[in-house]
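Me: I have a structure open and want to learn how to read it. Can you take me through it feature by feature?

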Amino acid sequence: MKYYSFESYEKMSAKAASMVAAQITLKENCVLGLPTGSTPIRTYEILADMYKNGALDFAQVQTVNLDEYCGIPKENEQSYRSFMNHNLFDNVNINIDNTNVPNGMASDIAAECIRYDELIDSLGGIDLQLLGIGNNGHIGFNEPSRQFSKDTNCIDLTEDTIQAYKRFFNDISEVPRKAITMGMRSILHARKIVLIANSLVKEKIIRAAIEGPITPLVPASILQLHPDVTILYSKK
Ligand code: PGA
């Protein structure tokens with residue numbers, strides 16, 4: 001694992017954007033695995049600026065998002081589909097048909113999970129997976145639990161996550177309790193992984209993920225098994 005510490009969120013985001021940009025430049029039809037959350041917002045802005053300046057072309061890029069809430073229609077501004085459209089896809093020349101987010105409104109969620117894994121496989125897997133990390137060590141919505149979940153699956157958000165995410169909603173009662181998340185198999189099969197995190201509260205969990213035992217109680221610790229992980233961290 002490579003670990004880089006930055007003095008600011010801006011510098012961390014610039015490095016993350018440059019790594020994603022390098023991937024797109026190397027392989028114009030690459031498959032990007034993408035996160036939501038507050039951490040990647042600046043990275044996405046910088047990528048959109050690169051596109052506007054003519055430095056980056058998303059025309060053939062394909063994307064698969066890590067997760068989506070269950071029970072929130074994609075048109076709702078709280079959905080991760082809306083987040084991605086607003087923060088990245090609407091701001092670059094990506095073909096929206098080449099962007100994929102799990103369908104949290106599917107009538108058959110189990111079938112949707114299978115479809116999502118098959119889709120990722122049909123794209124040839126992920127070239128670069130950008131990850132955030134939760135305060136509890138989750139990646140995607142793979143929450144701490146007694147075992148790692150291999151496949152895309154529907155999970156119950158933990159109380160920690162509900163507390164951490166209430167800031168995005170008017171009231172904690174509005175935070176969805178379930179989500180579909182990509183499982184560890186697709187994440188670990190990504191050819192390159194870049195994990196981004198900022199804020200002091202994440203320092204401890206990042207240390208546990210990098211230096212502690214590999215355990216499903218710290219889901220990000222499984223990244224120790226991957227040969228090409230870069231962690232970009234800023235305290236502020
Ligand atoms: P954040 O969320 O970027 O809003 O901190 C990260 C996560 O929970 O995965």
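Reply: Start with a definition. A cavity is a set of grid points where a 1.4 Å probe fits but cannot get out, and lining residues have an atom within 4 Å of a point. Keep in mind that this is a predicted model.

Me: Which residues line the largest cavity?

Reply: The lining is made of Met-1, Ile-133, Leu-195, Ile-206, Ala-209, Ala-220, Leu-223 and Ile-231. By class, that is eight nonpolar residues, no polar and no charged. The volume is about 40 Å³. The structure holds one cavity of 30 Å³ or more.

Me: What volume does the largest pocket have?

Reply: A pocket, unlike a cavity, is an open set of points. The largest pocket has a volume of about 380 Å³. It is lined by 27 residues, and the closest to its centre are Ile-133, Gly-134, His-138, Tyr-165 and Lys-202. The lining divides into 10 nonpolar, 13 polar and four charged residues. Helix α5 (residues 159–165) gives the largest share, four residues.

Me: And which residues are closest to the centre of the second largest pocket?

Reply: The second largest pocket has a volume of about 250 Å³. Of its 13 lining residues, Lys-74, Arg-81, Val-101, Pro-102 and Asn-103 are the closest to the centre. Its lining has five nonpolar, four polar and four charged residues.

Me: Now the sheet. In what order do the strands lie?

Reply: First, the general idea. Strands of a sheet pair through backbone hydrogen bonds, either parallel or antiparallel. Here seven strands form an open sheet in the order β1-β10-β9-β6-β2-β3-β5, and the pairing is parallel. At the edges stand β1 (2–6) and β5 (99–100); each has a single partner strand, so one side of each is left without a neighbour in the sheet.

Me: How many bridges join β3 to β5?

Reply: Two bridges join β3 (residues 62–65) to β5. Val-64 stands opposite Asn-100 in β5.

Me: What about β10: how many of its residues are buried?

Reply: Buried means under 20% relative accessible area. Six of the six residues of β10 (residues 229–234) are buried, so this strand is largely enclosed by the rest of the structure. In a regular strand the side chains alternate between the two faces of the sheet. Look at β10 for a case: Val-229, Ile-231 and Tyr-233 point one way, while Thr-230, Leu-232 and Ser-234 point the other way. Then check its partners. Five parallel bridges join β1 to β10, and six join β9 to β10. Tyr-233 is a handy landmark.

Me: Which residues of α3 are buried?

Reply: They are Tyr-80, Arg-81, Ser-82, Phe-83, Met-84 and Asn-87. That is six of the eight residues, so α3 is largely enclosed by the rest of the structure. The buried residues pack against β2, α2, β3, β4 (67–69), β5 and α5.

Me: Last, the loops. What is the phi of Ser-199?

Reply: Most residues other than glycine have a negative phi. Ser-199 has a phi near 100°, a positive value. Ser-199 is found in the loop between β9 and α7 (203–211). It is partly exposed, with a relative accessible area of 22%.

Me: And where does Asp-151 lie?

Reply: Asp-151 lies in the loop between β6 and β7 (153–156). At 37% relative accessibility, Asp-151 counts as partly exposed. Beyond its neighbours within four places in sequence, Asp-151 is in contact with Asp-117, Thr-181, Gly-183 and Arg-185.

Terms used: Residues numbered from 1 in each chain as written. Predicted model: local features only at pLDDT ≥ 70, side-chain atom pairs only at ≥ 80, totals over all residues. Heavy atoms only, no water. 1 Å grid on protein atoms, 1.4 Å probe; cavity = no way out; pocket = protein on both sides within 12 Å on 5 of 7 lines; lining within 4 Å. Points joined across faces, edges and corners; volume = space filled by probe spheres on them. Nonpolar A, V, L, I, M, F, W, Y, C, P; charged D, E, K, R; others polar. Pairing = 2+ DSSP bridges. Buried < 20%, exposed > 50% of the residue type's maximum accessible area, 1.4 Å probe, protein only. Contact = heavy atoms within 4.5 Å.
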